[in-house]
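Please keep the sequence and the model open beside you.

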Amino acid sequence: MKAFEIVSEPINPQRYADYVLRPEAGAVTLFTGHVREWTKGIRTLYLAYEAYIPMAEKKLAQIGQEIEEKWEGTRVAIAHRIGELAISDIAVVIAVSSPHRKSAYEANEYAIERIKEIVPIWKKEIWEDGEEWIGHQKKKPKEELL
Amino acid sequence: MIELHYFAGLREVTGIAQETVDLTGRTVEELWQWATAKYPDLQSGSVRIAVNEEYALPADVLNDGDVAAFIPPVSGG
């Protein structure tokens with residue numbers, strides 16, 4: 001495994017928790033994001049994720065670097081799965097270790113917020129009667145927009 | 001030559017995942033104008049362009065061999 005990766009096989013979250021664990025760490029937060037069946041009253045049959053893989057891995061690594069700069073002593077690993085995912089499958093895993101728990105909690109939430117802003121991954125929801133690429137989940141920096 | 005990549009909903013608009021074009025020396029903004037002229041259904045206001053896997057600014061200039069990607073609103077997680 002790599003510390004920051006896009007994968008097409010099912011994710012085993014424990015591998016990422018193990019990766020960030022060190023003797024200095026007193027806390028590990030492990031977040032797993034899952035495929036949800038119901039969104040705003042509409043039933044999803046499954047999701048299809050796509051990524052611009054080299055750039056997505058680079059941006060995940062950037063998020064890890066941002067975290068290690070903002071919260072001293074943290075270590076981060078992030079994986080996102082692409083392809084077709086069924087309800088309850090793990091789409092994303094974020095593992096953060098830190099000397100004390102507060103940093104591990106805060107940094108983990110920061111990571112998922114940043115993923116939704118800068119990492120080129122796209123989700124298509126497939127319903128019983130149609131499908132749609134999902135976007136606009138977070139506001140983008142204005143100067144980059146065309 | 002510049003290599004262009006289209007993703008997700010934008011790929012469905014263009015009908016192709018990638019193409020190579022002669023836009024060396026042009027800016028990212030000019031690339032966007034070129035693309036919307038060729039594919040009128042591309043929507044402005046939410047698309048970002050990455051050059052060589054890094055988000056680019058409209059005034060950035062394209063160099064020979066660059067890889068430019070059209071990035072619709074991301075929705076990972």
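A residue counts as exposed when its relative accessible area is over 50%, and as buried when that area is under 20%. Keep in mind as we go that the model is predicted. Along the chain, A:Tyr105 is 76 residues away from A:Thr29, yet the C-alpha atoms of the two are separated by 6.1 Å.

Let's stay with chain A and turn to helix 1, residues 13-20, whose buried residues are A:Tyr16, A:Ala17 and A:Val20. Because these residues cover an arc of only 100° around the axis, they sit on the same side of helix 1 of chain A. The spacing has a simple background: an α-helix has 3.6 residues a turn, so residues three or four places apart point the same way. What do the buried residues of helix 1 of chain A pack against? Their partners are strand 1 (4-7), strand 2 (27-34), strand 5 (75-81) and strand 7 (90-98) of chain A.

Between strand 6 (83-86) and strand 7 of chain A you will find A:Ser88. The phi of A:Ser88 is near 75°, a positive value in a residue other than glycine. For context, most residues other than glycine have a negative phi.

Now over to chain B. Its secondary structure amounts to two helices and five strands, and from the N terminus on these elements follow the order β-α-β-α-β-β-β. The C-alpha atoms of chain B fill a box of roughly 30 × 25 × 20 Å along the principal axes. A compact globule with 77 residues would have a radius of gyration near 11 Å, and chain B, at 11 Å, agrees with that. Of the 77 residues of chain B, 49% count as buried. Among contacts in chain B between residues at least 6 apart in sequence, 50% join residues at least 24 apart. The accessible surface of chain B comes to about 3300 Å², and carbon and sulfur atoms account for 46% of it.

How are the strands of chain B arranged? The five strands form an open sheet in the order 2-1-5-3-4, with mixed pairing. Strand 2 (18-21) and strand 4 of chain B are the edge strands, each pairing on one side only.

Strand 3 and strand 4 of chain B form a hairpin with two residues between them. In that turn, B:Asn52 has a positive phi of about 50°. B:Glu53, in the loop between the two strands, also has a positive phi, about 70°, although it is not a glycine.

Finally, let's look at the nonpolar cores. The largest one has 39 residues, of which A:Ile78, A:Ile115 and B:Ile71 touch the most other members. The elements that each supply at least two residues of this core include strand 1, strand 4 (42-51), helix 2 (53-70) and strand 8 (121-127) of chain A, together with strand 5 of chain B. Helix 3 (101-118) of chain A gives the most, with six residues. Leaving aside its neighbours within four places in sequence, A:Ile115 is in contact with residues of chain A including A:Leu60, A:Ile63 and A:Ile78, and with B:Val74, B:Gly76 and B:Gly77. A second, separate core of 19 residues includes B:Tyr6, B:Ala35, B:Tyr39 and B:Leu62.

Key
Residues numbered from 1 in each chain as written. Chains lettered and ligands numbered in written order. Predicted model: local features only at pLDDT ≥ 70, side-chain atom pairs only at ≥ 80, totals over all residues. Heavy atoms only, no water. Pairing = 2+ DSSP bridges. Helix = DSSP H or I, 4+ residues; strand = E, 2+ residues; numbered from the N terminus. Buried < 20%, exposed > 50% of the residue type's maximum accessible area, 1.4 Å probe, protein only. Arc of directions from axis to C-beta. Contact = heavy atoms within 4.5 Å. Rg over C-alpha atoms; globule rule 2.2 N^0.38 Å. Areas by Shrake-Rupley, 256 points an atom, 1.4 Å probe, with all protein chains shown as cover. Core = buried A, V, L, I, M, F, W, Y, C linked by side-chain atoms within 4.5 Å.
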